[in-house]
Amino acid sequence: MAPPPSPTLREAIRRGLRKRCPRCGEGPLFAGWNHLRESCPVCGLAYEKRTGDTWFFMYISTGALTGILLIALFLIRPRVVWIGQLVVSVAAVLLIGLTLPHRKGMAVALDYWIDARGGGGQDPQS
């Protein structure tokens, strides 16, 4: 069975955000809430050939979310400081924590898309 054609960047990112295989769109990326599988059970794509690429994206996206929270902290002035600190802390844990699998899925999808384009336009087989 031949692998499906390489998706567009938009398709790959959409599949990653849905926590699906970036190549076929069918296989799940995770076993559980945030445990990345080694490969797609449907098409056999190895999800994380170079762990550093995915970690880099995760650090950058976490930094961006933290920046958004810092801007909100400076723009919103609570009457009671400790309540504002508590709200920002809870918002940070929720925002960064709950988006973790979606951001990781997007990182895997971007890594796959770049690999698919970088190797002479050939689809990486594993």
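**A chat about helices, loops and patches**

User: Where does Ile83 sit?

Analyst: Ile83 is part of helix H3, which covers residues 81–98. Keep in mind that this is a predicted model.

User: Okay, and is Ile83 buried, partly exposed or exposed?

Analyst: Ile83 counts as partly exposed, because its relative accessibility is 39%.

User: Switching to charge: which residues gather in a patch of positive charge?

Analyst: Those are Arg10, Arg14, Arg18 and Arg20, gathered on the surface.

User: Take Arg10. Which helix is Arg10 in?

Analyst: Arg10 belongs to helix H1, residues 9–17. Its relative accessibility is 65%, so Arg10 counts as exposed.

User: What about Lys19, where is that one found?

Analyst: Lys19 is in the loop between H1 and H2. With 26% relative accessibility, Lys19 is partly exposed.

User: What's phi of Lys19 like?

Analyst: Phi is near 65 degrees for Lys19, which is a positive value in a residue other than glycine.

User: And Pro28, where does that lie?

Analyst: Pro28 lies in the loop between H1 and H2. Pro28 counts as partly exposed, because its relative accessibility is 23%.

User: Let's move to helix H2. Which residues does H2 span, going by where Thr54 lies?

Analyst: Helix H2 runs over residues 51–75, and Thr54 lies in that helix.

User: Is Thr54 buried or exposed?

Analyst: Thr54 is buried, because its relative accessibility is 2%, and the cut-off for buried is under 20%.

User: What does the side chain of Thr54 make a polar contact with?

Analyst: The partner is the side chain of Glu48, at 3.3 Å.

User: Last one: what about Gly67, which helix is that in?

Analyst: Gly67 is in helix H2 too. Gly67 has a relative accessible area of 26%, so Gly67 is partly exposed.

User: And how far is Gly67 from Ala116?

Analyst: Gly67 and Ala116 are 31 Å apart in space, going C-alpha to C-alpha. In sequence, Gly67 and Ala116 are 49 residues apart.

Definitions and conventions:
Residues numbered from 1 in each chain as written. Predicted model: local features only at pLDDT ≥ 70, side-chain atom pairs only at ≥ 80, totals over all residues. Heavy atoms only, no water. Patch = residues over 30% accessible without salt bridge, like charges linked within 9 Å, V, L, I, M, F, W, Y side chains within 5 Å. Areas by Shrake-Rupley, 256 points an atom, 1.4 Å probe, with all protein chains shown as cover. Salt bridge = Lys/Arg side-chain N within 4 Å of Asp/Glu carboxyl O. Lys, Arg positive; Asp, Glu negative; His and termini not counted. Charge placed at Lys NZ, Arg CZ, Asp CG, Glu CD. Helix = DSSP H or I, 4+ residues; strand = E, 2+ residues; numbered from the N terminus. Buried < 20%, exposed > 50% of the residue type's maximum accessible area, 1.4 Å probe, protein only. Polar contact = N/O pair within 3.5 Å; in protein donor to acceptor, adjacent residues only side chain to side chain.
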